Amino acid sequence: YVMSAIDVNALFTADFSTGSFATFYQVANTISDRVAIPYGSAFLSVVFCLALLRSAAPRSRLTGPEWMQQFLGILLLFMISWTLITHAMDVMAALYWLGQNLVLVIQRALDSVGVSSGGTSLGAGVSTALDAQLDGLTYGQAAQSVLYLLLATATVVTCLVCVIYIFSVGFIRMCEIYLRAAFAAVPMAFFSSESTRQMGWAYLKRFGAVCFQAGVIVVALALSGLLMGVASNLMGTTFGNTAILDGNLATGFAAAIVQVLPPLIAIGTVTGIVKKSESICNGLFGLAG
């Protein structure tokens, strides 16, 4: 049940303005209209006035046609920047749409090869391993059931911590998307000046990296079944040729530990990939950190 709580459809493919995070969109849109756009417009006005003063300065030594050409260039850049500022939320929504469709394409590709994009396979692995051992207990093994209870508790806690972390990363990602969208009008104004244009591009790339992070998380969850299979093979190779097989491993507490280890290793690996998803996307977009 804990592992099946990860629903990538609800968390990573929600509509930008009317989905599960509609309230976030309303807050971001309000901040954009009342704070970011006025400040971005003020910055753009200052840059536009300074550009006109530099072009009209006597030391620029521009002739009439050259000055007119430069003026038209400044005016065109001003109009483009103004459009980006006033439609900053739309630009962010378009980038979010690209990331959303990336997740949908990944899910369809995984479904075509029979791979689930959630963590239910890990949950089934843990449940099967524990149920098989508990069903084999007799009344004479009541003391051993305490050990199974401790193992089950530790397993559930481990899975719960990993699931909470994965869900938290996804939720933080959505919060960051709307925060960046809310203040996007200010960095959009940076495109009006050559000295600050790189800051504007960096902001857009960072937003794109956050949107595409969902794709990495979905792939990580989809790999859970494959990782569990590999871990099971490694556990079988590790313990298959030891003398412990002649003891209690096949039917006892040690067997339960060995059977529970592969899904726990898999969920730990998935959690590690999710933790690295931000740096993976930053590297994909050429960003530091």
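Predicted model: local features only at pLDDT ≥ 70, side-chain atom pairs only at ≥ 80, totals over all residues.

Biologist: Let's pick L226. Where is L226 found, and is it buried or exposed?
Modeller: L226 is found in helix α9. Its relative accessible area is 55%, so L226 counts as exposed, the cut-off being over 50%.

Biologist: OK, zooming out. How many helices and strands does the protein have?
Modeller: There are 10 helices and zero strands. Reading along the sequence, you get α-α-α-α-α-α-α-α-α-α.

Biologist: And how much of the protein is buried?
Modeller: Of the 289 residues in the protein, 38% are buried.

Biologist: Can you show me one? Say Y148: where does it lie?
Modeller: Y148 lies in helix α6. It has a relative accessible area of 2%, and the cut-off for buried is under 20%, which means Y148 is buried.

Biologist: How far is Y148 from I257 in space?
Modeller: Their C-alpha atoms are 9.2 Å apart, although Y148 and I257 are 109 residues apart in sequence.

Biologist: Why does G268 count as partly exposed?
Modeller: Because its relative accessibility is 37%, which falls between the 20% limit for buried and the 50% limit for exposed.

Biologist: Switching topics: how many salt bridges does the structure hold?
Modeller: The structure holds one salt bridge. It is formed by R180 and E176, and the closest N and O atoms are 2.9 Å apart.

Biologist: Where do R180 and E176 lie?
Modeller: Both lie in helix α6, which covers residues 142–182. They are four residues apart, about one turn of the helix.

Biologist: What about E176, how accessible is that one?
Modeller: E176 has 23% relative accessibility, so it counts as partly exposed. E176 also turns up in the lining of the largest cavity.

Biologist: Which residues line the largest cavity?
Modeller: Besides E176, the lining has R206, A209, V210, Q213, E278, C281 and N282. By class, that lining has three nonpolar, two polar and three charged residues.

Biologist: Which helices supply at least two residues each?
Modeller: Those are α8 (197–222) and α10 (253–284). The largest share, four residues, comes from α8.

Biologist: Now pockets. What volume does the largest pocket have?
Modeller: The largest pocket has a volume of about 290 Å³. Its lining has 16 residues, and A51, R54, I74, L77 and S192 lie nearest the centre of the pocket.

Biologist: Which elements give two or more residues to that lining?
Modeller: That would be α2 (22–56) and α3 (64–86). The largest share comes from α2, with seven residues.

Biologist: Last one: how do the residues of that pocket lining divide by class?
Modeller: The lining of the largest pocket has eight nonpolar, five polar and three charged residues.

Methods:
Residues numbered from 1 in each chain as written. Heavy atoms only, no water. Buried < 20%, exposed > 50% of the residue type's maximum accessible area, 1.4 Å probe, protein only. 1 Å grid on protein atoms, 1.4 Å probe; cavity = no way out; pocket = protein on both sides within 12 Å on 5 of 7 lines; lining within 4 Å. Nonpolar A, V, L, I, M, F, W, Y, C, P; charged D, E, K, R; others polar. Salt bridge = Lys/Arg side-chain N within 4 Å of Asp/Glu carboxyl O. Points joined across faces, edges and corners; volume = space filled by probe spheres on them.
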